[in-house]
Amino acid sequence: MKFKSLILSILFFSAMLIADSKVQLEKVDANKYPLVHIYLQENKAKPLQSENIHITETREGYTRQIHTISILKSNQLRPIRLILSIQASNETDRLQYSKQLATSFVQSLSTDDRIGIHIYGRDTYFLNLNMEKAEALEKIEGISQGAGNRTNYALNFLFSQMREDELPNLLFVISTDKETEVDDPIANVIKKSRALKFPIHMLALSEKKYLSLADYSEGEFYPIEKNTSIASMQSQLYSFRKTPPIIEYKSPFAENSKPLRSNSVQISLKVGENDFKANYDLTLLTFIKSKFSNIEFFYSFMLVILLICILLLYAVNRRNKARAYAEEMRLREEELLKNDLYYHENISTDTTANPTFKKYASYEEEEEDTLSDNTEDLYSYTADDTSSSMATMSRPGVAHQEDSYDISPDVLEKAESYERGILILKEGPNPGRQFTINKPEITIGSTASNDLVLWDSSLSPMHAKIKRVKNVFILFDTVSNTGVFLNGKKLLRPKALFDFDEIRIGNSLLLFRGK
C-alpha cells in the first residue's frame, strides 16, 4: 500500500512539474497585418520575458526568421466562457462539496462572461454550454445525486457537442468519486481535446487516469486531497480571465504581399522548450489595410487620387466652358438674325414655298395674256426689227436706263427655263443664306427698298435686277457704280442665268440655282 502511494506521489509531482513548464497558445491574430499578434497563456512561474522565443514564417515555400519581437501585456480582464463538468456523486457530502466549489467559480465571474454546465454520472444528465450567471447558479444548486462515474464517456460526449466560439473557453472537470465502471478509451478523449485545443483541468482524486487526462491534454491537475487546490484553481481562473501576453512582430513578407496568389502563412513558434505550429490567412481586405499602413504607399496613392481629381475637374471645366461658349455663340447668332433683313426675307419665302409655286404658274398664264394685249412689261419682236436682230423692252409709265438694253433674239432661245430660281450667298454678309426669286422681277442693292438687300457700302442703291421671262431668268446691270460680274466676266448686256452661275456684286458673291 505504501509502495502504491509512493508511485502515485511521484506521478503527481512529475505531472505538476510538467504542468508548471507548459505554455498554451490561444490564437494568432493578423487583423492588423503586417503586425501579427500571438496570444499565449504563459507559465505563471516563468514569464515570457525570461523565455527564449524563436519565430519563423513560411509562405509559398519561402521561410524567413523574425528578428524583432515585442511582448505586450495588459492587466485588463476579458470575457470568457467557463465550462464546469460536474460529476453527480451518489454521496451527499461529496456532491455538496462539488456544488460549493462550482458556485464559488461562477460567482467570481462577471456579467459579460458565459457559463456552460455539464452534469454527468453513468450518463450525461444535463448539458447547456451557453448560460448566464444567475441561471447557472440556479442549476448548480439543483444538482441531485447520481450513479456511477464515467468520466471519459462524459468528456467524449461533451467534446462532440462543442463548437467554435469567439470567447476563450476554460474547462474545469470536478470529479469527487473514483471511477466505478468501465469507460471509453482515454485516447479518444485526448484526441478530441487536442483537435479542439481545449485543455482539461481536473479537480479529482489522485489517480493515474485523471493525471493522464490533464497531462496529455496540456491541462493542469488539482488533487482533491490537497488543501491548496481550490485556491490554485481560483488563481488559474483569474489568470485565464486576464488578457494574455501578446507576442507582436512584423511579418517579413509584408513588402511582397500579392493578393492574387496564395496568402496562407505558416508560423513556427518556440517558447523555451515548447514548440507550436500555427497559421493565418491574408484576405484581400487585410492586404489593402497593410498597404495603407505603409506611409509611402499611402502618400503615393493619395497623390495619384489627387491628380485624377484634378484631371477630372479640368475636363469638366473644359466641357462647361465649351458648352457656355456654344450657347453664347448661339445667342449671338440669334441676335444677329433678328436684325438681318435678308434672313427674314428668306424665312418668309421658305415658309411660303408652296404658295409661291402656285404664283409662278398663275404668273405664267397672266404673262401670256398680257403679252398678247401689250398691257404689261415684255420683250416684243417685229419683222421690221429682224435686220438689227434686237428687241426693245418697254413698260408703260416707267422708264429705266437699263430698258434701253438690247437683247439678242437667241438669248431666250439658247437659255434654259426653270420653274423657280434660288440665289445662295457664298461670300458677303451672312454667307450660306438663300433667297428665292418668287416675283417676276427682283432688284438687288444696298437700300431697304430692294427685294434683296446686301449691306455692302460698295453697292449702288439699286445695283442689279433679275427678270423672269417665260421661265428664263435674265440678269441686268442697272448702271451700277462698280458693275456686275457673271462667272468672272463683267456684264455688258443682259444675259440669261444658268444653273450654278456665279454673280459678283460688290463684295458679295451669289450662286444661282435653277430648279
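Biologist: Are Phe-159 and Phe-198 buried or exposed?

Modeller: In this predicted model, both Phe-159 and Phe-198 are buried.

Biologist: How should I read a pair of rings?

Modeller: A pair of aromatic rings is described by the distance of the centres and the angle of the planes. Searching the whole structure gives five aromatic pairs. In one of them, the rings of Phe-105 and Phe-172 have centres 5.1 Å apart and planes at 45 degrees, so this pair is tilted.

Biologist: Which parts does the pair of Phe-105 and Phe-172 tie together?

Modeller: Phe-105 belongs to helix α2 (residues 92–107) and Phe-172 to strand β9 (residues 169–174), so the pair ties together parts 67 residues apart in sequence. Phe-105 has 0% relative accessibility and counts as buried; Phe-172, at 0%, counts as buried too.

Biologist: And what are the distance and angle for Phe-159 and Phe-198?

Modeller: That aromatic pair is tilted, with 6.1 Å centre to centre and 55 degrees between the planes. Phe-159 lies in helix α4 (residues 151–161), while Phe-198 lies in the loop between α5 (186–196) and β10 (200–204), so the parts tied together are 39 residues apart in sequence.

Biologist: Which residues do ring pairs link into a cluster?

Modeller: Tyr-418, Phe-473 and Phe-512.

Biologist: Where do charged ends sit over rings?

Modeller: Lys-139 places its charged end over the ring of Phe-126, 4.1 Å from the ring centre. The charged end of Lys-465 sits over the ring of Phe-476, at 5.5 Å from its centre.

How values were computed
Residues are numbered from 1 along each chain as its sequence is written. This is a predicted model: local features need pLDDT of at least 70, side-chain atom pairs count only at pLDDT 80 or more; totals for chains, interfaces and linings use all residues. Side-chain values use heavy atoms; hydrogens and water are left out. Rings of Phe, Tyr and Trp (its six-membered ring) pair if their centres lie within 6.5 Å; planes under 30 degrees apart count as stacked, over 60 as edge-to-face and the rest as tilted. Helices (H or I, at least four residues) and strands (E, at least two) are DSSP runs, numbered from the N terminus. Buried means under 20% relative accessible area, exposed over 50%, partly exposed in between (1.4 Å probe, protein chains only). A charge sits over a ring if NZ of Lys or CZ of Arg is within 6 Å of the ring centre and within 35 degrees of the ring normal.
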